[in-house]
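Here are my notes for someone opening this structure for the first time. Have a look at the model, then walk through the points below.

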Amino acid sequence: MMPPQSAIAAASGLFMAAAALPGAPTLALPLVEAAALLALAGLRFRHAASAAVLTIIGALTLSNPTALLAVAAGIAAAVYLLSVHAIGQPPGVVPLTRSALGGTLGFGAAALLVAIVPGGYPWWPVIAPVTVVILYLLAVRPLRRH
Amino acid sequence: MSEPTEIRWRPSALALSFATSTAASLALAVIAGRWQLISFAAPLLGVLAVLQWQRPHSRVQVQATPPLVRCFESEDARFNVAVEPTASDAVLELRAPVAPGLRVDLRPGDSDRATLCVSAQRWGRYRVPVEVAAVSRSGFFIGTATVPVGELFVYPIADPQPTRLPRAQLPNRIGTHLTRHRGPGVEYADIRAYVPGDQLRTVNWRVSARRGRLHVTDRLTDRAAEVVVLIDTFQQPLGPATDATQRCARGATQVVQSALRSGDRAGIVALGGHPRWLGPDIGRRQFYRVLDTILDASAGHPTSGTLAPRAALPPHAIVVAFSTLLETQFVLALNDLRTRGHPVVVVDVLAGSPFTDELDPIIAQWWRLARAGMYRDMASLGVDVVNWSEQISLEHAMHLLAQRARRR
């Protein structure tokens with residue numbers, strides 16, 4: 001019998017690969033397959049889990065998925081990483097919390113909303129990189145040593 | 001409970017994998033111009049954004065029972081350690097620390113308890129730390145803290161053989177050293193005519209009957225000595241001299257142990273970095289008090305200056321000093337004791353030269369000549385020097401001294 005974290009991890013890992021599949025051209029198919037295998041290997045070896053997510057990112061770069069599938073793959077990746085790292089932790093350590101799930105779903109919904117809202121402005125490519133960098137720096141700020 | 005100690009928190013493997021995945025995704029999105037990757041990265045960013053409220057602030061408290069353990073070299077000391085976070089946002093685990101000079105073995109008990117088995121090969125005072133590994137409840141932060149839990153006093157082990165003391169005038173106290181003084185005792189000395197005041201039990205009835213007058217048997221009395229050990233704790237040059245100082249404590253322990261066993265009073269004076277002294281006394285307790293003074297722990301009175309304080313040495317106390325004889329202040333203190341009338345013996349623990357590298361033969365010869373000259377000068381002042389090398393035991397070195405004194 002599989003422990004619940006492993007079951008969630010396996011399911012979300014495979015879902016992440018499946019979400020990347022529809023938009024993937026022939027060129028990206030081996031990458032998606034490799035990601036699925038790495039996702040399963042990640043249950044035993046944690047480094048394989050990060051590799052699986054990076055491979056999916058590679059596959060998504062090559063393919064042209066819809067916004068819904070990209071967000072779904074992102075949510076699955078987040079749940080996958082959280083549940084893989086819950087395996088083998090001392091009792092009392094629970095990465096897959098309600099607040100983490102809330103953050104994932106909230107940001108996913110916001111991204112979906114932005115992607116679905118029609119219309120684009122010609123100056124978006126100018127501010128997008130700067131916004132992305134600022135967003136990332138704000139997000140990793142809590143991770144600095146203290 | 002110890003004072004709360006800060007934990008050094010750093011991101012865990014989970015946090016790093018989130019950060020790298022997000023960074024890779026966003027970077028590729030900008031470089032390759034794929035807006036879908038930003039949608040992919042958004043849920044990952046969401047998890048990182050929530051972390052702002054999940055940063056752990058816990059500190060760690062450790063309790064050890066007993067807080068202080070005294071033991072001898074290579075003996076095992078046990079500490080029962082319990083660890084507790086100050087807040088509930090972290091899960092703690094005890095780990096064996098890396099402590100110089102100590103061998104620490106951690107036997108895990110319940111979740112937050114463990115038994116530390118500590119032993120040291122060299123005497124001294126040690127602070128026993130324990131390492132605490134912490135994981136935040138969210139799993140995004142890990143941390144470590146090294147917390148001092150207790151103190152370990154490791155006493156030197158000395159050879160059990162008794163050491164000889166130099167011949168000296170002993171105070172009028174009954175002990176185990178045979179003297180030439182007449183008085184109560186066992187060894188036969190002489191027969192003399194009875195004088196009023198002699199005890200009746202000392203009357204030699206056979207001689208009295210033959211002579212027709214009362215005669216008594218005189219006996220040699222056994223007296224106790226007072227031994228004060230002087231140790232050199234001055235800063236020594238690195239190399240053989242520093243290694244030799246650890247034999248100072250070992251030799252001092254042996255002399256004190258053998259003196260206390262034969263019923264003598266023993267005390268100690270440590271001169272040098274942190275001068276301290278303990279007056280002579282008898283008994284097993286005094287042995288441990290002397291050891292505590294050697295380790296500079298609780299027992300002993302602090303003093304100042306470079307000379308041995310007068311209160312530490314009763315008149316005619318025998319002084320046995322352990323030193324490398326490289327520090328002039330210590331040699332001056334010995335001369336001062338000699339002028340005060342104490343019989344002084346110095347055990348030179350530095351057998352060879354104090355230099356680490358091989359010396360030119362001529363310089364080595366000079367060094368030996370200089371040392372021999374210093375020995376002679378000290379002997380002319382009345383301070384006997386015994387060379388104690390590592391190969392021979394202390395009682396053999398001290399035996400030579402007794403022979404030398406007899407020949408003189």
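1. Let's start where two helices from separate chains touch. A:Ala128, A:Pro129, A:Val132, A:Tyr136, A:Ala139 and A:Val140 in H6(A) meet B:Ala19, B:Thr22, B:Ala23, B:Leu26, B:Ala29 and B:Val30 in H1(B). Contact here means that the C-beta atoms of two residues, placed from the backbone, lie within 7 Å.

2. Some housekeeping before going on. This is a predicted model, in which local features need pLDDT of at least 70 and side-chain atom pairs count only at pLDDT 80 or more, while totals for chains, interfaces and linings use all residues. Residues are numbered from 1 along each chain as its sequence is written, and chains are lettered from A and ligands numbered from 1 in the order in which they are written.

3. How do those two helices lie? H6(A) and H1(B), the latter being residues 13–32 of chain B, pack at about 175° with their axes 10 Å apart. Axes are lines fitted to C-alpha atoms, for helices over the stretch in contact, and angles run from 0 to 180 degrees between N-to-C directions.

4. Now zoom out to the whole contact of the chains. Chain A puts in 49 residues and chain B 45 residues. On the chain A side, helices H3 (46–62), H4 (67–84), H5 (98–116) and H6 (124–140) each give two or more residues. H5(A) gives the most, with 11 residues. By class, this side of chain A divides into 34 nonpolar, 13 polar and two charged residues.

5. Chain A itself has six helices and zero strands. Helices (H or I, at least four residues) and strands (E, at least two) are DSSP runs, numbered from the N terminus. The C-alpha trace of chain A spans about 55 × 45 × 25 Å along its principal axes.

6. Inside chain A, look at H1(A) (residues 4–20) against H4(A): they pack at about 155°, with axes 8 Å apart. That makes H1(A) roughly antiparallel to H4(A). The contact includes A:Ala9 and A:Phe15 of H1(A), and A:Ala73 and A:Tyr80 of H4(A). Its classes are 14 nonpolar, four polar and no charged residues.

7. Over in chain B, there is an open sheet of three strands in the order E10-E12-E11, with antiparallel pairing. Strands pair if DSSP finds at least two bridges between them. The edges are E10 (174–182) and E11 (185–193) of chain B, each pairing on one side only. E11(B) and E12(B) (residues 215–223) pair over six bridges, and B:Arg192 has B:Val216 in E12(B) as its bridge partner.

8. Last, the domains of chain B, with bounds from an automatic or database domain assignment: domain 1 (12–53), domain 2 (60–155), domain 3 (188–223) and domain 4 (226–407). How far apart are the C-alpha centres of domain 2 and domain 4 of chain B? They lie 37 Å apart. Six residues of domain 2 of chain B are in contact with five residues of domain 4 of chain B.

Key
Nonpolar A, V, L, I, M, F, W, Y, C, P; charged D, E, K, R; others polar. Parallel < 35°, antiparallel > 145°, perpendicular 65-115°, else oblique.
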